[in-house]
Structures are given as structure tokens and as C-alpha cells.
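Please have the sequence and the 3D view at hand while reading.

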Amino acid sequence: LKNGRLAMVAFGGAITQATLTGNSFPWLYAEAETSTSSSRSTLAGAQQKRRSNVARKAEKGYKMSAAVPFLPMSPALEGIPGEEEGFDPMGFSLAIDIRWLREAELKHGRVAMLATVGWITTDLGLRVPGDAFQISTIEAHDAMVKFGSMPQILVWLGYLELFGFLAIINMQEGKTDRKPGDFGLRGFYPKDAKGQYEMQVKELRNGRLAMLAFSGIVTVGVLTQEKWPFFDAVVNATGRSMAPRSSSKFCGAQTDSRSRMVVRHASSSRSMPFLPKPQNLSGLVGAEAEFDPLGFSDTFDVKWLRESELKHGRVCMLATVGFVAEQYIQFPGFPASEDALQAIYVAPVNMTALLLVIAGYIESSSYGGKLTMLDMFEGEGAKRAPGDLNFGKRFLPTDKAKADDLAMKELSNGRLAMLAFAGMVHHNLVVKGPLFPLFPEGWEGPQGSWDLDSTAGALNSGRLGL
């Protein structure tokens, strides 16, 4: 729904832009044809002159951006610090005065640099004297609102912002030769032009980094309720109360203590030492590997996850064998197909339907109709181990250690089979032929590998036998 709404707006804008400029997408240097009028204001005339200069520069050719090498550099960036990077992928500098954009970027960067240092120093224990200020960084905003100091901060910041606004307006109207972000502070400013330029670029880059850093610090701090540097902070879903929770305690919301997320200092995962150890894998075969990089076991029922993993592994082990054998062996009544991906198109439709019915019956009857994470391991299902379908159990060793070893082998082989089957399918798509030989005679490369016919196209062409 959202993509559709966005597409309607985007398509309307594309038609308008193409009609006004006569150019094609992406209209980086498009300029509308406008008639001259004596009633234009001085500011509008200045903007039109600047855009005309941009258009003339584009007509002479343009260079590619160093930061985004697949896009052209905006000519509007020439002459400002950092122009060598050519970073303006959205083309804002072609639509909005570059001086205003740079002023806003520098202001946000400076505030973010101060905010990053302030957050870290507060987390490290530095406090302003007074009982009201002996609080955590996350609680600081709400505490200062209650304490009554926040309006004073806003008033003084607004006072400074007023002078900044006047400086920008005078600069844009041509009344001053001020550069964006320049407030006349020269305490540590170099004397030579080269040193000044380098200092401006350093401030710009540090400000950009600080904006990203502060966003990350706030997000991690609120999610983990821990202090910087968050090395061992782990958000664990186990232990959460099922009571409804309003929202984060950040920015005034009250959080019920019963539903506060559990934060633990966990050791590193054995298989991925740069990630925390999963907390909910105990009791499962293969838990000693501590492999759950995306943290699925913190969100979903780990029994249901293991059931799904074993099922997919078993199916892929069978599919891998069948994928290889299809090239050489066929069931009676089934046409031969060297490329296993084409088997679905040449197989009799009635046999394909029968296969689906049998698979659906097995899927439903194996769990008594309980297929979801909410009910599969409820009631009688709670006694069943994941993957235990009461099939072939007489072949299992009676010794628990040997049985666990066999279960681990099945799990490992299933994981390998899932990777192997995906690789086989991709191979056949790329070479547009059978699995063997790996490189068919006359194959010239993977060009056009994904030019596949759709299911609708296969039905229309009769390749499904309909």
C-alpha cells in the first residue's frame, strides 16, 4: 500500500519534470523553460542566475562524484570545502541554495559532536554538582523537564539561533561575505588559506561522523538500558513479562518494571566470537556451537525453529539426491529432463498434483493439524522432541551419547544439504543447462542468466502441459 502511494506521487512528479524540462531521468541538470518578467524579485533573479550557471556547466560536461562514483558530481558543490568528495546523491544542491544546506549540515554536525561527548562523559560518571543531576544519561531529559531547567536551555538556545538566523539571511541576501557556518571564532583557526581549508574539511567530516555516532549511541543505550561503550550488552527476550508495555522510558514514557527487557552480560559465541552467546539454545543438539547470529531464538520458540530446520534439512537431503539423479534416472512414465529445473515443466500434471497431495497429507497428519509456533508444542506436543515424527526410531542407538551423535550428524548434513541444493539450483540457472558437466560445451558466461520465463509464461506456452 505504501509503495503504491509512493509510486503514484513519484510517477506524477516524473511526468511533470519531464514535461517542464524536456529531459529524461534523473534530471540532475534539468532546467525549466521560464519566461522573463519584470516583476521578479531580486532574490528570485539571483537564484535563476545561479541555476543558469549550473546548467551551462552541465552543458560543457561534468565529472563523476568521488564519493558516489556511479553518479555525476553536482556543479553546485564547486568552491565549497569538501567539494572534492562530490557527495550529493539526491541532488539537493541543485534545488536548494548550497549555502543554506551547508549551514544546516555544519550546525547539526557541531551539535552532534557536543552531544556525543556529553553522552559518553555522562555515562563515564561525570556529573554537574547537585542531587538533581545524579541520574543516568537516558533519564536526563525527563529529569530536567521535571526539574524545570529545560525551558531555560531552550530559551538560551533560541537566543543563539536567532543570531544564526540573521547571519544566514544577511549572507543569502548578499549583504555580507560570510561563509556558511562562520561565526567569527578564530581562537584555534590557522592563519594560512590551506590550513583553514583543511580545518573546515576536518570539521565537516567529524560532524558527519558524530551525527551517525550519536544516533547509534542513543539507539543502543535505550534498547539495552546500559552505559557506553555497550561491549557486553545483550537484549534477551527470555524473561520478558507478557504484560502490555507502553513504550520506552525515553522521552517521558513510563515503563512497567515487570515488562522491562532483561539485560545480561553474556560471553561471546563459540562459533562467532564477535557476537554474544545465544541464551536460549540449551538442551538442543548442537547447542555447544552457540550459533544464532541473528538472534532468532530470542524471539521465536526455539523448539519450533529446530523443527523447521530439521524439516528443511531432510527435504534438502532428498532434493539434493534427486537433483543429481534426475539427469540419469527417471520414474516410469516420467519424461527425461537433463536439467532438473525443467522437470516440473515436463512432468505429467496429474502426478505433480498427486505429489502435492501426498506432501500436504504428511505435513498435516504428522502434527495433528498443529502447524504454527503457537500450538505445535502445546499439550501432547510438549512431550515430543523437535524433529521426532516417530518414524524409524527402532534404528536409533539405545545409548544416549550415540543417539545425540547421530542427531548431530543429521543436523549437520541437513544444513550442508540446504547450502548444496541452493548452489545446484543457482548453477543450473547460470549455465541454463544440466548439473553435469559443470561448464557445458560452448558456454560463454553468465550473461542473461536471470532472463527466466515466468510461471504465467510457462502456462501460456503450454510447457506445463495445460
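A helix here is a DSSP run (H or I) of at least four residues, and helices are numbered from the N terminus. The model is predicted.

Helix H4 covers residues 98-123. Its 26 residues reach 37 Å from the first C-alpha to the last, close to the 38 Å expected at 1.5 Å a residue. After H4 comes Gly 125, which has a positive phi near 115°.

Which residues of H4 are buried? They are Ile 98, Arg 102, Glu 103, Leu 106, Gly 109, Ala 112, Thr 116, Trp 119, Ile 120 and Asp 123. These buried residues pack against helices H3 (92-95), H6 (150-172) and H7 (193-224).

| Helix pair | Packing angle | Distance between axes |
|---|---|---|
| H4 and H7 | about 50° | 7 Å |
| H8 and H11 | about 50° | 7 Å |

H4 and H7 are therefore oblique to each other, and H4 passes H7 in a left-handed crossing. On the H4 side, the residues that meet H7 include Leu 106, Gly 109 and Trp 119; among their partners in H7 are Gly 207, Ala 210 and Phe 214. This contact of H4 with H7 has 12 nonpolar, five polar and five charged residues.

Helix H8 spans residues 302-325 and helix H11 spans residues 400-431. H8 and H11 are therefore oblique to each other, and the crossing of H8 past H11 is left-handed. The H8 residues in this contact include Leu 310, Gly 313 and Phe 323, while Gly 414, Ala 417 and Phe 421 are among those of H11. By class, the contact of H8 with H11 divides into 12 nonpolar, six polar and five charged residues.

Conventions. Residues are numbered from 1 along each chain as its sequence is written. This is a predicted model: local features need pLDDT of at least 70, side-chain atom pairs count only at pLDDT 80 or more; totals for chains, interfaces and linings use all residues. Side-chain values use heavy atoms; hydrogens and water are left out. Axes are lines fitted to C-alpha atoms, for helices over the stretch in contact, and angles run from 0 to 180 degrees between N-to-C directions. Helices (H or I, at least four residues) and strands (E, at least two) are DSSP runs, numbered from the N terminus. Angles under 35 degrees count as roughly parallel, over 145 as roughly antiparallel, 65 to 115 as roughly perpendicular and the rest as oblique. A crossing is left-handed if the near helix is turned anticlockwise from the far one by less than a right angle, and right-handed if clockwise. Contact means heavy atoms within 4.5 Å. Ala, Val, Leu, Ile, Met, Phe, Trp, Tyr, Cys and Pro count as nonpolar, Asp, Glu, Lys and Arg as charged, and the others, Gly among them, as polar. The expected span of a helix is 1.5 Å times one less than its number of residues. Buried means under 20% relative accessible area, exposed over 50%, partly exposed in between (1.4 Å probe, protein chains only).
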